[in-house]
Amino acid sequence: MGLLTFSLNITLDGCADHQEGIADDETHAFFTRLMDEAGAMLWGRVTYEMMESAWPAVARGDQEAPPAMQEWAAKLEAKPKYVVSSTRTDFPWTNSHHIAGDLREGVQKLKDATPDGVLLGSGNLATELDRLDLIDEYRMLVQPRIAGHGPTLYQGGLPATRRLELISAEPMRNGVVAVHYRRAG
């Protein structure tokens, strides 16, 4: 069984707005490494649609982008992508698959079938999966910013505090800190 790893950009005050992060070669290289290590990507519908609207054009070369973004786009194009949605059933982007029905059962089956692990990149979906005790690790890029607005992680709350064990914390040249936590026993 593979691990389910939640990874996202967040500001120091917990804002998870994708426009508040530093999107440079260093951060793209970080997420490309995480994606390379994982066997599949997992998103909610909103995140899937945001990604689908941007990255296929970069992967095809229809949109100019720096080399680190081109590498990310090409690898993302090839990577299996799983989407949780109760409102959409058609996912035409290359290697995209729908997870429907019981959330716990669908994501557990995905974890069981993906020994290299699954990389989760949707904040709202992460809240639901954490409520179901399905997330194993957290790999966040903490941005050197205070946004002062939302969305924030876990706005809907969790039934109990989640205890974590620090695996690593590595500062980047751009001021971002990459943190890696694992669920504590």
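Predicted model: local features only at pLDDT ≥ 70, side-chain atom pairs only at ≥ 80, totals over all residues.
A pair of aromatic rings is described by the distance between the centres and the angle between the planes. Eight aromatic pairs are counted in the model. One of them joins F6 and Y138 in an edge-to-face arrangement, with 6.5 Å from centre to centre and 75 degrees between the planes. F6 belongs to strand 1 (residues 4-11) and Y138 to strand 6 (residues 137-143), so this pair ties together parts that are 132 residues apart in sequence. F6 is buried, at 0% relative accessibility. Y138 has a relative accessible area of 5%; because buried means under 20%, Y138 is counted as buried too.

A further pair is formed by Y48 and W93. The ring centres of Y48 and W93 are 5.7 Å apart and the planes meet at 50 degrees, so the pair is classed as tilted. Y48 is part of helix 2 (residues 45-60), while W93 is in the loop between strand 3 (81-84) and strand 4 (96-99); the pair therefore ties together parts that are 45 residues apart in sequence. Y48 and W93 are both buried. These two residues also belong to a cluster, linked by ring pairs, that contains W43, Y48, F91 and W93. The face of W93 has K81 lying over it, at 4.7 Å from the ring centre.

Helix 1 (residues 25-37) is made up of 13 residues. From its first C-alpha to its last, helix 1 reaches 18 Å, close to the 18 Å expected at 1.5 Å a residue. At the start of helix 1, the backbone nitrogen of E26 has a side-chain oxygen of D24 within 3.2 Å. E26 is itself among the buried residues of helix 1, which also include T27, H28, F30, F31, T32, L34 and M35.

The largest nonpolar core contains 24 residues, and W55, W72 and L76 have the most contacts inside it. At least two residues of this core come from each of helix 1, strand 2 (40-44), helix 2 and helix 3 (67-78). When neighbours within four places in sequence are left aside, the contacts of W55 are H28, M69, W72, A73, L76 and W93. Of these, H28 is listed among the buried residues of helix 1, and W93 is the residue whose ring pairs with that of Y48.

How values were computed: Residues numbered from 1 in each chain as written. Heavy atoms only, no water. Phe/Tyr/Trp six-rings, centres within 6.5 Å; stacked < 30°, edge-to-face > 60°. Helix = DSSP H or I, 4+ residues; strand = E, 2+ residues; numbered from the N terminus. Buried < 20%, exposed > 50% of the residue type's maximum accessible area, 1.4 Å probe, protein only. Lys NZ or Arg CZ within 6 Å of the ring centre and 35° of its normal. Expected span 1.5 Å × (residues − 1). Polar contact = N/O pair within 3.5 Å; in protein donor to acceptor, adjacent residues only side chain to side chain. Core = buried A, V, L, I, M, F, W, Y, C linked by side-chain atoms within 4.5 Å. Contact = heavy atoms within 4.5 Å.
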